[in-house]
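Please examine the sequence and the structure shown below.

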Amino acid sequence: LLITNWRCDSVEVLRVRFRNGGSSLTGASDYRYACRNQNDGNTTSDATSTGDSSFRLQARNYPDQIIENALVEIDFAITANRYRPIMARGGGWNGNAEVANETMGGAFVNSGTVDGIEIFPGGGNIVDGIFSLYGMSK
């Protein structure tokens with residue numbers, strides 16, 4: 001999944017969770033992740049969780065201004081009866097005139113059936129973005 005030129009109407013991060021039968025899988029400890037952001041000023045930010053109701057794709061909250069934008073590439077495996085790994089990487093330009101690099105790794109630690117994916121901001125709404133899905137077939 002490739003998300004380009006995305007922007008929210010509030011300062012937030014993109015989040016991901018899996019779905020089954022039209023319902024979001026939101027178990028409070030089903031998602032584990034580790035994220036790291038590094039900007040061109042050599043400042044790093046981290047975000048981790050050993051149990052959450054969704055994946056967080058970035059360590060830092062951004063972008064919400066018209067001059068900001070970001071690119072996120074997400075790779076995930078939908079495998080039967082096994083934990084599902086997820087990896088994300090991306091970068092962008094934020095309102096502090098910084099270039100940022102993001103990396104994230106995680107796992108969905110529920111072996112139940114998955115038949116979809118949901119992308120959403122941690123708060124507010126996505127106001128811009130191009131979402132492209134590659135490599136999926138049924």
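Strand E8 (84–94) supplies the largest share of the lining of the largest cavity, namely 4 residues. A cavity is a set of points on a 1 Å grid over the protein atoms alone where a 1.4 Å probe fits but cannot get out, and its lining residues have an atom within 4 Å of a point. Strands are DSSP runs (E, at least two residues) and helices are DSSP runs (H or I, at least four), numbered from the N terminus. The model is predicted, so local features need pLDDT of at least 70 and side-chain atom pairs count only at pLDDT 80 or more, while totals for chains, interfaces and linings use all residues. Residues are numbered from 1 along each chain as its sequence is written, and side-chain values use heavy atoms, with hydrogens and water left out.

The count comes to 1 cavity of 30 Å³ or more. The elements giving two or more residues to the lining of the largest cavity are E7 and E8. Leu57, Gln58, Val72, Gly90 and Glu102 lie nearest the centre of this cavity. The table summarises its properties.

| Property of the largest cavity | Value |
|---|---|
| Space | About 40 Å³ |
| Lining | 10 residues |
| Nonpolar lining | 5 residues |
| Polar lining | 3 residues |

The largest nonpolar core has 23 residues, and Phe18, Phe55, Leu57, Ile74 and Met104 have the most contacts inside it. Such a core is a set of buried Ala, Val, Leu, Ile, Met, Phe, Trp, Tyr and Cys residues joined through side-chain atoms within 4.5 Å. Buried means under 20% relative accessible area, exposed over 50%, and partly exposed in between, with a 1.4 Å probe and protein chains only. Contact means heavy atoms within 4.5 Å. Leaving out residues up to four places away in sequence, Met104 touches Tyr33, Ala34, Cys35, Phe55, Arg56, Leu57, Ile86, Met87 and Ala88.

The chain has 0 helices and 11 strands, and 38% of its 138 residues are buried. Its mean pLDDT is 81; pLDDT is the predictor's confidence in each residue, from 0 to 100. Among the elements, E7 has the lowest mean pLDDT (76) and strand E3 (residues 23–24) the highest (94).

Is Thr43 buried, partly exposed or exposed? Thr43 counts as partly exposed because its relative accessibility is 43%. Thr43 lies in the loop between E4 and strand E5 (44–52). Beyond its neighbours within four places in sequence, Thr43 is in contact with Asn37 and Gln38.

Terms used. 1 Å grid on protein atoms, 1.4 Å probe; cavity = no way out; pocket = protein on both sides within 12 Å on 5 of 7 lines; lining within 4 Å. Points joined across faces, edges and corners; volume = space filled by probe spheres on them. Nonpolar A, V, L, I, M, F, W, Y, C, P; charged D, E, K, R; others polar.
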